[in-house]
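Strands, a helix and an open pocket follow.

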Amino acid sequence: MVSQPQYAVAAELNVAVETRDGVELATDVYRPADLDTGEPIDDPKPALLDRTPYGKRGRMERHGEWYAKRGYVVAIQDCRGRFDSGGDYYIFVDEPEDGYDTVEWLADREYCDGRVGTFGTSYGAWVQTALATQDPPHLEAMFVNQGAANGRKATFRHNGAFELRWLCWAYTLGGGFAKRALEDPEIQQRLANVDVRDVLANGPVQRGQSPLRHVPDYEEWAFDIMTQGAASDELWREPGVNFEAYYDEMADVPTVYAGAWYDSYTKATCDNFVALAERSESDHYLLMGPWTHGWNSYPLPSWNKSYSGELEFGEAALRDYQETRLRFFDHYLKGKDTWSDQPTVQYFQMGTGDGSQTRDGRLFHGGEWRAAEAWPLPDTEYRTYYAHGDGRLSTDAPTVEEDSTSYAFDPRDPVPTIGGNCSSYITYEPRDESILEYPLSERKMQDITGRGGFDQRTRPDTFGADEPYGPLEERTDVLVFRTEPLEEDLEIAGPIRVRVYGSTDGPDTDFTAKLIDEHPPSEAHPDGAAINLCDSICRGRFRGYRDEPDLLEPGEVYEFYMEPYPTANVFEAGHRIRLDVSSSNYPRYDVNPNTGGPLYGDREFRTATNVVHHDAEYATHVELPVQPTS
């Protein structure tokens with residue numbers, strides 16, 4: 001049932017919320033008002049808080065009005081150091097205390113009934129979990145859509161590698177809207193004229209030698225993230241960056257962890273739910289769709305889109321984002337019976353489509369919603385598929401005593417990223433006009449990597465790809481292991497685990513893994529299609545999620561353990577399960593120069609001879625969460 005507005009809206013803009021250290025955070029407050037007079041109602045209402053680094057007006061303003069019309073006080077706040085708020089900006093570090101102080105400030109207003117809920121997506125999800133580490137007394141419910149868990153493990157960094165999206169973000173949505181840039185058109189112009197693709201192609205960036213030097217606080221945190229990888233580095237112990245370290249101190253309130261199979265926070269969303277549902281007495285929920293990062297801008301009613309990249313899922317994938325959150329808050333903040341039928345786990349099982357081509361050229365992958373009471377799903381069978389020297393991927397373990405495949409990994413020619421769990425790999429569209437003629441806020445963003453499911457073949461717009469374009473599997477540095485065509489459907493849902501047993505001839509290198517649903521040739525797709533489901537990387541010096549770096553001994557065999565992001569997919573009869581192993585996925589991750597030098601910034605490169613072992617002792621394999629046939 002679609003909700004209807006019950007109130008008018010009265011707004012008080014740029015209210016100063018003073019934090020414990022005296023910094024004032026600019027906050028817009030939207031209150032339910034009388035439909036006839038437009039005056040704020042006297043009856044106190046629950047409050048909802050959304051904290052954002054992207055500016056609290058425009059889309060956010062309409063978003064605040066939507067909930068105020070339905071009986072909530074809504075506070076939308078510029079994060080510290082952004083837009084109208086005071087203070088200096090260092091990404092996420094101040095968000096726990098700032099969020100706590102704002103929750104308690106809201107609860108103390110005469111128009112609030114003392115109950116505060118939080119919501120937000122992406123950065124707005126980070127800041128919710130950040131303030132929850134401080135356990136504010138008046139926090140009552142959270143709807144966390146697509147946020148982090150442990151920034152070092154899988155968000156800022158990923159199993160030792162750096163997710164280059166944060167460098168892209170620093171140049172665009174970050175530094176481009178830094179207070180210093182907003183106040184100085186010349187700095188805005190310098191950043192707007194940067195093509196991030198050129199920055200990546202000419203990388204690694206050197207401190208003080210790029211346009212980021214004009215916003216030095218942004219350059220500082222960007223280089224901290226890029227160059228600090230050890231768990232002992234102070235950054236990775238901050239409660240605003242590593243929530244995993246503070247799970248036992250987290251606020252115990254009803255929470256929805258919402259995400260998507262092609263989101264950049266898929267693993268973190270599931271990790272948070274699993275850890276906190278186990279620790280908490282309050283109700284916790286997991287909701288996973290087939291989408292990519294973000295949600296459609298107001299006033300579109302659907303939760304994201306019915307497609308991700310080149311895959312179409314159909315109308316079944318659509319969810320009403322605003323109404324879903326309203327049902328949750330009405331239940332837990334107003335005592336209405338609007339959420340009692342919500343399953344603990346609800347997820348979209350991809351892959352039940354017929355593989356036909358839609359009118360807009362996408363592959364119809366299809367899918368349907370499923371429900372469960374726990375995650376991972378209780379009836380999961382973890383089935384191991386082993387790599388073999390002849391390219392097979394089989395449940396039969398290898399029996400040969402020694403078997404391996406080697407390839408040359410040249411960091412100057414990395415494997416291009418084609419979609420996947422990507423976000424913020426963006427650049428401003430090139431413009432001839434100045435900032436005064438064409439403001440930064442109106443400039444369109446261009447995607448560098450794509451996001452979602454794609455046939456894994458390069459094309460003219462693939463960043464880093466050269467002619468002749470074609471399947472990634474044709475590269476000499478990509479090892480492909482595939483099953484025989486399946487005789488019946490195989491359904492997976494849950495976490496994925498990969499163990500590559502590898503060696504190299506130098507002090508450091510990377511190994512990557514990508515799980516692929518390989519569609520057979522058809523009339524719509526004569527060459528078939530290799531659709532990426534999820535991927536991961538492991539930097540040698542941080543193998544095994546170790547806290548401190550430990551370089552490799554040339555020639556020694558190591559286990560490179562990876563956790564490609566969780567997914568839910570049906571490999572239909574006739575399809576093949578495929579595992580691609582390589583040593584780069586660029587620019588999703590930074591490229592290892594193979595030298596054992598600095599974690600980021602090394603200008604020396606060497607081609608590594610990397611070896612993947614697939615024998616009885618060192619059996620490279622992938623573990624899949626197989627579900628009973630529906």
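T417, I418, G419, G420, Q456, K514, N532, L533, C534, D535 and N585 line the second largest cavity. On a 1 Å grid over the protein atoms alone, a cavity is a set of points where a 1.4 Å probe fits but cannot get out, and lining residues have an atom within 4 Å of a point. The model is predicted: local features need pLDDT of at least 70, side-chain atom pairs count only at pLDDT 80 or more, and totals for chains, interfaces and linings use all residues. Residues are numbered from 1 along each chain as its sequence is written, and side-chain values use heavy atoms, with hydrogens and water left out.

## Cavities

The count comes to 3 cavities of 30 Å³ or more. A volume here is the space filled by probe spheres set on the grid points, which are joined across faces, edges and corners. Ala, Val, Leu, Ile, Met, Phe, Trp, Tyr, Cys and Pro count as nonpolar, Asp, Glu, Lys and Arg as charged, and the others, Gly among them, as polar.

| Space | Volume | Lining by class |
|---|---|---|
| Largest cavity | about 110 Å³ | 5 nonpolar, 5 polar, 3 charged residues |
| Second largest cavity | about 50 Å³ | 3 nonpolar, 6 polar, 2 charged residues |
| Second largest pocket | about 460 Å³ | 17 nonpolar, 3 polar, 5 charged residues |

β25 gives the most to the lining of the second largest cavity, with 4 residues. Helices (H or I, at least four residues) and strands (E, at least two) are DSSP runs, numbered from the N terminus. The largest cavity has 13 lining residues; V415, T512, K514, S582 and S584 lie nearest its centre. β24 (510–519), β25 (529–539) and β28 (576–582) each supply at least two residues of that lining. K514 is named in the linings of both cavities.

## The second largest pocket

A pocket is an open set of points with protein on both sides within 12 Å along at least five of seven lines.

## Strands

Two strands pair if DSSP finds at least two bridges between them. β1 (residues 8–18) and β2 (residues 24–33) run antiparallel, joined by 9 bridges. They form a hairpin with 5 residues between them. In its turn, G22 has a positive phi of about 90 degrees. V17 has L25 in β2 as its bridge partner. β2 also pairs with β4 (residues 73–78), antiparallel, over 4 bridges. There, T27 stands opposite Q77.

Strand β6 (residues 139–145) has 6 of its 7 residues buried, so it is largely enclosed by the rest of the structure. β5 (residues 112–121) pairs with β6 in the parallel sense over 6 bridges, with T121 opposite N145.

## Helix α7

I187, Q188, Q189, L191 and A192 are the buried residues of α7 (residues 185–192). Their cover includes α5 (165–174), α6 (179–183) and β19 (426–428), with contact meaning heavy atoms within 4.5 Å. D184 caps the N-terminal end of α7, with a side-chain oxygen 2.9 Å from the backbone nitrogen of E186.

Key: Buried < 20%, exposed > 50% of the residue type's maximum accessible area, 1.4 Å probe, protein only. Polar contact = N/O pair within 3.5 Å; in protein donor to acceptor, adjacent residues only side chain to side chain.
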